[in-house]
Amino acid sequence: MMNTPQPPALEVDRVTLELGGRAILNDASFTVGNGEFIGVLGPNGAGKTTLMRALLGLVPVASGAIRVHGEAVMRGNPFIGYMPQIRTGLANRRVLGRDFVAMAADGHRWGVPHRSARVRAEVDRVLSLVGAEQLAKRPLSELSGGERQRLLLAQCLLGDPHLLLLDEPLISLDPRHQTGVVELVRRVQRELNITVLFSAHELNPLLNSLDRVLYLGNGRAALGTVDEVISKPVLSKLYGSPIDVMRVNGRIFVMSGDVEIDKLDHAHEEGGEHEHEHDHGHEHAHGHGHGHHHSHAK
Ligand SMILES: Nc1ncnc2c1ncn2[C@@H]1O[C@H](COP(=O)(O)OP(=O)(O)OP(=O)(O)O)[C@@H](O)[C@H]1O
Ligand SMILES: [Mg+2]
């Protein structure tokens with residue numbers, strides 16, 4: 001008997017996404033296969049977050065079609081796990097790591113004292129997947145950024161998703177922790193054989209883990225291997241200005257003139273500057289986070 005072929009994890013078919021009357025993505029088409037680890041790159045405002053939100057049904061397509069595992073986009077798709085870019089207020093929470101993860105499992109209501117055995121088992125499962133059983137016994141406020149990322153990853157593995165959308169999980173992590181988070185995601189992705197879209201501002205921490213790169217810019221999208229996409233002609237088109245690509249000791253530097261573009265764009269979002277806290281579910285109403293366009297090139 002022949003197996004029916006699995007539909008691809010993601011099909012983006014001539015999709016235009018508009019926000020505030022402006023095309024963020026213009027007639028873009030690409031297909032992501034099951035089990036691929038895709039690094040999503042592009043300058044601030046290129047549309048990385050908007051694309052993820054479109055896959056979740058939070059941003060409607062202006063034209064074209066998106067299919068996830070062969071099905072039309074739907075809100076609350078249980079097959080998608082999402083880690084939003086904006087993660088305000090986490091650092092201040094006295095809540096225990098385990099309870100933080102569990103909140104997402106039981107509809108993220110605060111202070112639910114009695115959890116069903118099913119929820120407890122599910123929380124144990126995801127904590128063990130990311131190796132956070134011990135971390136989870138401590139309050140969030142006492143965890144480092146990298147440790148918190150581990151719990152956030154556990155949270156988005158709840159319910160056994162087939163596709164993970166991780167929006168800038170490396171923000172505010174130092175290089176060593178960045179590598180740790182990327183390797184953790186890679187290991188979990190292989191273990192569960194799931195598809196991952198992982199957005200970042202820097203390519204290098206992802207280089208050893210990604211299968212292909214999705215690079216966004218100027219309303220366009222380029223999906224391919226690092227060699228296909230991270231090239232002078234492709235990036236110059238996406239940036240709309242001349243770009244040079246330099247390879248040094250296995251690292252890749254994307255340069256505009258003599259400025260390294262990753263560094264220029266580097267966003268700093270999490271941290272002490274956000275005072276407000278709000279319940280943080282799988283849907284997030286704000287797609288912003290663009291207040292930090294100043295250069296950090298030194
Ligand atoms: N609700 C909105 N209304 C109008 N424009 C919006 C809205 N949300 C985002 N935008 C704009 O859409 C563009 C794409 O934003 P998006 O957040 O997807 O970019 P990004 O690639 O994730 O950027 P970053 O690297 O800074 O996270 C930006 O120019 C942004 O200002
Ligand atoms: Mg973003």
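**Entry 1: helices α2 and α3**

I began with the contact in which Arg98, Val101, Ala102 and Ala105 of α2 meet Val119, Arg120, Val123, Asp124, Val126 and Leu127 of α3. Contact here means heavy atoms within 4.5 Å. By class, I recorded 7 nonpolar, no polar and 3 charged residues in the contact of α2 with α3. In this scheme Ala, Val, Leu, Ile, Met, Phe, Trp, Tyr, Cys and Pro count as nonpolar, Asp, Glu, Lys and Arg as charged, and the others, Gly among them, as polar.

I note that this is a predicted model, in which local features need pLDDT of at least 70 and side-chain atom pairs count only at pLDDT 80 or more, while totals for chains, interfaces and linings use all residues. Side-chain values use heavy atoms, without hydrogens and water, residues are numbered from 1 along each chain as its sequence is written, and chains are lettered from A and ligands numbered from 1 in the order in which they are written.

I then looked up the geometry. The axes of helix α2 (residues 97–105) and helix α3 (residues 117–129) come within 10 Å and cross at roughly 120°. α2 is therefore oblique to α3. Angles under 35 degrees count as roughly parallel, over 145 as roughly antiparallel, 65 to 115 as roughly perpendicular and the rest as oblique. The axes are lines fitted to C-alpha atoms, for helices over the stretch in contact, and angles run from 0 to 180 degrees between N-to-C directions. The crossing of α2 past α3 is right-handed, that is, the near helix is turned clockwise from the far one by less than a right angle.

I found Gly97, Phe100, Val101, Ala102, Met103 and Ala104 of α2 to be buried. Buried means under 20% relative accessible area, exposed over 50%, and partly exposed in between (1.4 Å probe, protein chains only). The cover over the buried residues of α2 includes α3 and α4 (145–156).

**Entry 2: the magnesium ion**

Which residues coordinate the magnesium ion (ligand 2)? I found Thr49 (OG1) and Gln85 (OE1), at 2.0 to 2.1 Å. Thr49 is in helix α1 (residues 48–55) and Gln85 in the loop between β6 (80–83) and α2, so the pair, 36 residues apart, links distant parts of the chain. Donors are N, O and S atoms within 2.8 Å of the metal (3.2 Å for Na, K and Ca); water is not among the atoms, so sites may look incomplete. Thr49 counts as buried because its relative accessibility is 14%, and Gln85 does so at 8%.

**Entry 3: two buried residues**

I looked up Phe37, in strand β3 (residues 37–41), which counts as buried at 0% relative accessibility. Phe37 and Val196 are 159 residues apart in sequence, with their C-alpha atoms 4.8 Å apart. Beyond four places in sequence, Phe37 touches residues including Val182, Val196, Phe198 and Leu210.

Val188 lies in helix α5 (residues 175–192) and is buried at 1%. Beyond four places in sequence, Val188 touches Leu129, Val130, Leu157 and Asn193.

**Entry 4: positive phi**

His69 is not a glycine, yet has a positive phi of about 50°. His69 sits in the loop between β4 (63–68) and β5 (71–72) and counts as buried at 17%. Asn249 also has a positive phi, near 50°, in the loop between β11 (244–248) and β12 (251–256). Asn249 is exposed, with a relative accessible area of 77%.

**Entry 5: the whole protein**

I recorded 8 helices and 13 strands; helices (H or I, at least four residues) and strands (E, at least two) are DSSP runs, numbered from the N terminus. Of the 298 residues, 51% count as buried.
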